[in-house]
Amino acid sequence: MSEAASEQVISIRGLTKSFGPRKVVDDVALEVSRGEIVGFLGPNGSGKTTTIRMICGLLKPDGGSGTCLGFDILTEATRIKREVGYMTQRFSLYDDLTIRENLDFVARIYDLPHRRDTVRDTLERLGLTRRKDQLAGTLSGGWKQRLALAASVMHQPRLLLLDEPTAGVDPQARREFWDEIHRLAAGGLTVLVSTHYMDEAERCHRIVYIAYGHVVARGTVAEVIAASQLATVVVSGGDTLALAAALKGRAGIEQVAPFGNELHVVGPDAALLRASVDDVLAETGSTGRARAGETSLEDVFIRLMQQARVADSAGNGGAA
Ligand SMILES: Nc1ncnc2c1ncn2[C@@H]1O[C@H](COP(=O)(O)OP(=O)(O)OP(=O)(O)O)[C@@H](O)[C@H]1O
């Protein structure tokens with residue numbers, strides 16, 4: 001394998017999977033380099049978990065090809081599984097074992113050498129030593145996630161797959177979790193993480209957005225926002241509820257969303273958007289004031305989801 005190719009941790013194309021008559025992953029291509037943190041986003045049921053499971057050899061694709069960690073995803077699944085850490089959406093450790101006992105159990109499953117030292121080092125590395133004798137069932141959501149992360153990196157995988165790792169975890173714990181992910185990536189670990197949280201997407205080096213089984217956007221957060229070519233106008237003051245109702249459905253306006261005392265109004269044509277907002281403000285005699293705003297990743301995702309829904313019902317899902 002060439003040096004450049006060996007830096008490519010995930011390289012897949014044409015990945016396809018159906019459950020019954022439904023194609024839930026359709027022609028997905030993905031390239032991820034060593035040390036990258038790539039965010040996998042998309043609405044519920046869009047095929048993220050299914051794709052992740054195919055990449056790490058837990059599920060056989062119907063079509064497509066490629067490599068994960070240099071191993072063929074179709075024929076070398078066993079070798080892939082050994083070098084991947086996989087943290088699922090649900091806490092899958094034992095509530096009635098302590099943190100240390102849980103890690104010791106995982107170390108036995110992997111048949112890790114120097115088990116005691118490995119567990120001790122992992123406890124230390126993930127900041128769990130102080131709580132090592134606490135029962136997992138009594139931990140808060142944030143600590144449980146930290147333990148689950150420890151369990152999934154203890155065997156020193158080269159690729160970490162995280163499936164909605166911080167669902168239901170408070171912002172402080174989430175931030176610490178992500179600090180840890182960045183530390184691990186800086187050490188050479190590659191991370192593919194599925195999430196519904198915008199702040200998490202923003203902490204990834206790159207994001208891939210999937211809808212109805214198709215990749216519909218990819219790039220850095222800034223690139224994905226720029227590629228959407230959406231414009232945003234922020235309206236502050238006035239009766240926001242009445243204004244929102246008046247703005248919806250007007251020419252060039254695709255989204256109207258209240259944020260506190262302001263409205264974010266979004267559309268694809270900046271001039272038309274502004275003209276429509278100004279018209280509505282004048283027509284309603286509103287005291288609200290309009291200014292140009294920044295388009296957010298959330299605005300872009302809502303548009304991508306709506307476009308994908310239209311494409312799916314027309315039977316011709318888009319691809320990026
Ligand atoms: N083993 C299975 N058998 C049948 N259908 C399945 C199976 N696994 C997943 N699906 C279906 O495939 C579709 C894609 O599911 P998947 O879990 O990959 O989506 P997701 O993007 O991870 O969703 P979420 O964000 O809700 O976790 C869903 O409609 C799901 O119900």
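Start by selecting helix H2: in this helix, Lys48, Thr49, Thr50, Thr51, Ile52, Met54 and Ile55 are buried. Here, buried means that 20 or more other C-beta atoms lie within 10 Å of the residue's own, exposed means 12 or fewer, and partly exposed is in between, with C-beta atoms placed from the backbone. That makes H2 a mostly covered helix, with 7 of its 8 residues buried. Helices (H or I, at least four residues) and strands (E, at least two) are DSSP runs, numbered from the N terminus.

Before you go on, two notes on the model. What you have open is a predicted model, where local features need pLDDT of at least 70 and side-chain atom pairs count only at pLDDT 80 or more, while totals for chains, interfaces and linings use all residues. Residues are numbered from 1 along each chain as its sequence is written.

**Stop 1**

Just after H2, click on Gly57, which has a positive phi of about 85°.

**Stop 2: the whole chain**

Now zoom out. The C-alpha trace spans about 75 × 45 × 40 Å along its principal axes, and the secondary structure comes to 12 helices and 14 strands. Of the 320 residues, 36% count as buried. Colour residues 3–224 as domain 1 and 231–294 as domain 2; these bounds come from an automatic or database domain assignment. The C-alpha centres of the two domains are 40 Å apart.

Next, show the largest nonpolar core, which has 80 residues; Leu103, Val191, Leu192, Tyr209 and Val265 touch the most other members. Both domain 1 and domain 2 give residues to this core, so it lies between them. Such a core is a set of buried Ala, Val, Leu, Ile, Met, Phe, Trp, Tyr and Cys residues joined through C-beta atoms within 7 Å.

**Stop 3**

Select helix H5 (residues 115–125), where Val119, Thr122 and Leu123 are buried. These residues lie on the same side of H5 because they cover an arc of only 100° around the axis, the arc being that of the directions from the helix axis to the C-beta atoms.

What do the buried residues of H5 pack against? Their partners are helix H4 (99–109) and helix H6 (141–153). Click on Leu103 for a closer look: leaving aside neighbours within four places in sequence, Leu103 is in contact with Val119, Thr122, Leu123, Ala150, Ala151 and Met154. Contact means C-beta atoms, placed from the backbone, within 7 Å.

Follow the chain past H5 to Gly127, whose phi is positive, near 65°. Then step back to the loop between H4 and H5, where you will find Asp111. Asp111 is not a glycine, yet its phi is positive, near 55°. Most residues other than glycine have a negative phi. With 8 other C-beta atoms within 10 Å, Asp111 is exposed.

**Stop 4**

Another positive phi in a residue other than glycine, near 45°, belongs to Glu164, in the loop between strand S7 (159–163) and H7. Glu164 is partly exposed, with 19 other C-beta atoms within 10 Å. Continue into helix H7 (residues 171–186) and pick Arg174. Is Arg174 buried or exposed? Arg174 is buried, with 22 C-beta neighbours inside 10 Å. Not counting residues up to four places away in sequence, Arg174 touches Thr166 and Val169.

**Stop 3: Leu30**

Finish in strand S2 (residues 22–33) at Leu30, which is buried with 20 C-beta neighbours inside 10 Å. Apart from neighbours within four places in sequence, Leu30 is in contact with Ile10, Ile12 and Val208. Draw a distance from Leu30 to Val208: the two are 178 residues apart along the chain, with C-alpha atoms separated by 8.5 Å.

Definitions and conventions:
Two residues are in contact if their C-beta atoms, placed from the backbone, lie within 7 Å.
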